[in-house]
Structures are given as structure tokens and as C-alpha cells.
Amino acid sequence: MLSPSPYRSLNGERMLLTIVAGARPNFMKVAPLIRECEARGVPYRFVHTGQHYDFSMSEDFIRTLGLPEPNANLEVGSGTACFQCAEVTLRLERELVEHAPGAVLVVGDINSTLGAAIAASKLFIPLGHVEAGLRSFNRTMPEELNRVATDALADFLFTTEESGNVNLRSEGRGEESIFFVGNTMIDSLAYAMDNSGETGIVEDLGVRPGEFCYVTLHRPSNVDEPARLEEVLGLLNSISKRLDIVFPVHPRTRARIAEDGLGGMLGDARMVDPVGYLDSVTLTRRARFVLTDSGGLQEESTYLGVPCLTLRPETERPVTVEEGTNVLVSEDCGAILGAAFDILGGKTPAGKVPPLWDGHAASRIIDALEERLD
Ligand code: UD1
């Protein structure tokens, strides 16, 4: 049941929608929502929590995606998970009390998502969660706790794939709060493909289209333990003997490689700073295959029909494996190498685009909110 919000406008004005984003993958998810608000004249405030603050992790994405300057930046910055959640809750509370939105939208599964969800629901402001219901069933993954707790607080659960609907029902959520809308990250990807050409990154890095592996790694489970990180870098080294590697290195991963003194292990791999959104889309489209532990890249490679090896034992996005091009490879580096060489030998998974990944998820989300709240 929705609680009546003390902040709802009673004078017939359209509701104010507060849209919260905090870290790199959030910006792709909010961009289509903001475009939709602009197109319909829905008043909104775009709030950046400041969880990511480096130019390449934040502002570059905001600019490339055509997002407006955030109306507020909470400047939370780095810290432990508890610090980030608590600071987002406290600082967003002030923002919400001041601006009295009719609803708050949070996206994804980062610490900012949960912090913002707590603030909105403690103020009885209707809360929508975009990308609800995904479950890895691995509670050691920081994002899993954020997903479960955010969904428990949210009034509107916007799901990207059928597994999300199933998970939410099995947690006792009623049909009236579950909205299967598709995937706003794919909205952004479809929009970028229609409106922006490829960038020159493939040529700039001196690799050939279709003849390199695009690598991203940042999960604590792969990079925080020195022994695991060494094993993973050794794997990349083996692959690089057969195929060029392009590896934009996340700040967290770069710090661990430096701390553990493993910088020399990668030989010829092109280790570069984090790349912008359009560069990442170009690298994904042109890669022979993607090797990643990112949630977003599993989805983007499925949409683009590019093989993806995911360096994790499980995924909260099973549709990318069941219908898409994603293959989970986890512990055993020999098996991972085997999977990579299978792709090089032409054994590639034939995938299809999952239901409702059609570029119109944001429109369905704003429809649902307007119908229910106005
Ligand atoms: C966060 C999200 C993860 C998401 C990822 C995308 C959580 C629990 N995790 O992980 O789901 O996939 O973002 O990148 O919220 N740092 C910088 N500059 C920045 C941001 C971070 O140098 O702009 C460094 C800091 O040292 C920081 C570390 O990276 O401590 C980790 O950043 P943090 O936001 O805590 O988590 P991510 O690993 O980026």
C-alpha cells in the first residue's frame, strides 16, 4: 500500500519527481527518465549523491549522456558502505524536506540507492526503484544487500526482466506494485546508437575491430584479494598472447594493482584510464568478446549480440545467460581460458534481445508514476 505522502501537492499542480543518481552506471539509467520528464513537462529535480566524483566516473558521463547539471550534489564521496549509505540518507533528507517531491526514483543497486531509499521512505514519500527484483542470492556481494533492502522499501518496483518479477512475488510483493517495464540502461544504449556515431577509440588504441577483448573488472570479489587479483591478471596475460586486450581500469582496481605490486603482470594489454560512455559502447560493439564482472556490460553485450564472459559464479541478470550472449565463468582459470578460446574458435552463443528491451522503458515508468500519483 502507498502511504499518503505529506509532501504531495494538494493544489492540482503536477508532482515534483526527484531522481537520484550517484555512480557511473546510474547515469545511463537516469538519462532516459530525465529526457522523458523534459518531453512531458514533468517537473523534476536531478540529485547527484557524489558517490563517484572523478571526472571520468561522473561528469564525463553526465555530459556525454546529455544530462543537465544536477540540481544538487550531495558530495558524499568515498568511504565504507555504511558511511556512504548514512551520509546519503542524511543529506538527501534535507533536500527532500526542502523541495517536497511527490515521488522519488532511485536506480540500480549501489550504496547511494539504498541511502536514498531510506530517506524517501522515512519521509513517507512514494518511492520507485528502477531495476527492481534482480537477485544474485549472494549476500556477500555489497549490491545484493542494497537490492533486497531497497526493494523492501519501494512502493513502485520497476523490473527489467522476468526473473525480477518472480523474485519479488516470492518475497511477497503484490502485483499492484510490480511494473515490468524493460531496461532504462538499454534505453540509453538504443538512444546512443541512434543519435551518436562510434568514437575513434578502437583506432586510437591501435587495435583492430573484432580482434580484441574488452575487459572491465572492479568487483571486490575479483580485485580485493591479492591472490585472486594475481590469478585474474595471469588469465588476462594468457589471453593477450592470442588476442589484444583493452582494459580501462576502474580506480578501485588500479589502486589494488598498485598496492599489490602487480602492475608488471599485464605485458602488452592496453591498460587505460576509465573510458567515457560512448567509448565503452564502441569498444563493446567492436570487441571479439567482452570479459567483465560488471552488471551493465552483461546487459549491453546481450543487446548488441557480442559474446560476454562474466567473471562471477552467479548473475542477478539471468536473462543475459538464458536468452542473451552471456556465459558465467568463475573460479577455474583453465576453464575460463577454454571458454575464451572457444569464442576465438568460432563457438559463440547465439543470443536474442530480451523482452521489452526496446528503448521505451523510461516512458513506461513515467506513465506508471503519472497514472498512480496524479
Ligand atoms: C560502485 C558500486 C558498484 C558499481 C560501481 C561502478 C556500490 C556498493 N558499488 O562500486 O555497484 O558497479 O560503483 O563503478 O555502491 N573512486 C575514485 N573515484 C571515484 C569513485 C571511486 O577514485 O570517482 C575510488 C575510491 O577509492 C573508492 C573506490 O574507488 O573508495 C570504490 O568506489 P565506490 O563508489 O565505493 O565503489 P565502486 O567500487 O566504484
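**Close-up 1. The cavity count and the largest cavity.** On a 1 Å grid over the protein atoms alone, where a cavity is a set of points that a 1.4 Å probe fits but cannot leave, the count comes to one cavity of 30 Å³ or more. The largest cavity has a volume of about 50 Å³, a volume being the space filled by probe spheres set on the grid points, which are joined across faces, edges and corners. This is a predicted model, in which local features need pLDDT of at least 70 and side-chain atom pairs count only at pLDDT 80 or more, while totals for chains, interfaces and linings use all residues. Residues are numbered from 1 along each chain as its sequence is written, and side-chain values use heavy atoms, with hydrogens and water left out.

**Close-up 2. The lining of the largest cavity.** Ala192, Met193, Ser196, Gly197, Glu198, Leu278, Val281, Thr282 and Arg285 line the largest cavity, lining residues being those with an atom within 4 Å of a point. Helices (H or I, at least four residues) and strands (E, at least two) are DSSP runs numbered from the N terminus. By class the lining has four nonpolar, three polar and two charged residues, where Ala, Val, Leu, Ile, Met, Phe, Trp, Tyr, Cys and Pro count as nonpolar, Asp, Glu, Lys and Arg as charged, and the others, Gly among them, as polar.

**Close-up 3. The crossing of H7 and H12.** The axes of these helices, lines fitted to C-alpha atoms over the stretch in contact, with angles from 0 to 180 degrees between N-to-C directions, come within 11 Å and cross at roughly 85°. H7 and H12 are therefore roughly perpendicular to each other, a term for angles of 65 to 115 degrees. Met185, Ser188, Leu189, Ala192 and Met193 in H7 meet Tyr277, Leu278, Val281 and Arg285 in H12, contact meaning heavy atoms within 4.5 Å. The contact of H7 with H12 comprises seven nonpolar, one polar and one charged residues.

**Close-up 4. The largest pocket.** A pocket is an open set of points with protein on both sides within 12 Å along at least five of seven lines, and the largest pocket has a volume of about 1100 Å³. Of the 46 residues that line the largest pocket, Pro25, His52, Met57, His218 and His250 are the closest to its centre. The elements that give two or more residues to this lining include helix H1 (24–40), strand E8 (212–216) and H12. The lining of the largest pocket divides into 21 nonpolar, 15 polar and 10 charged residues.

Key:
Parallel < 35°, antiparallel > 145°, perpendicular 65-115°, else oblique.
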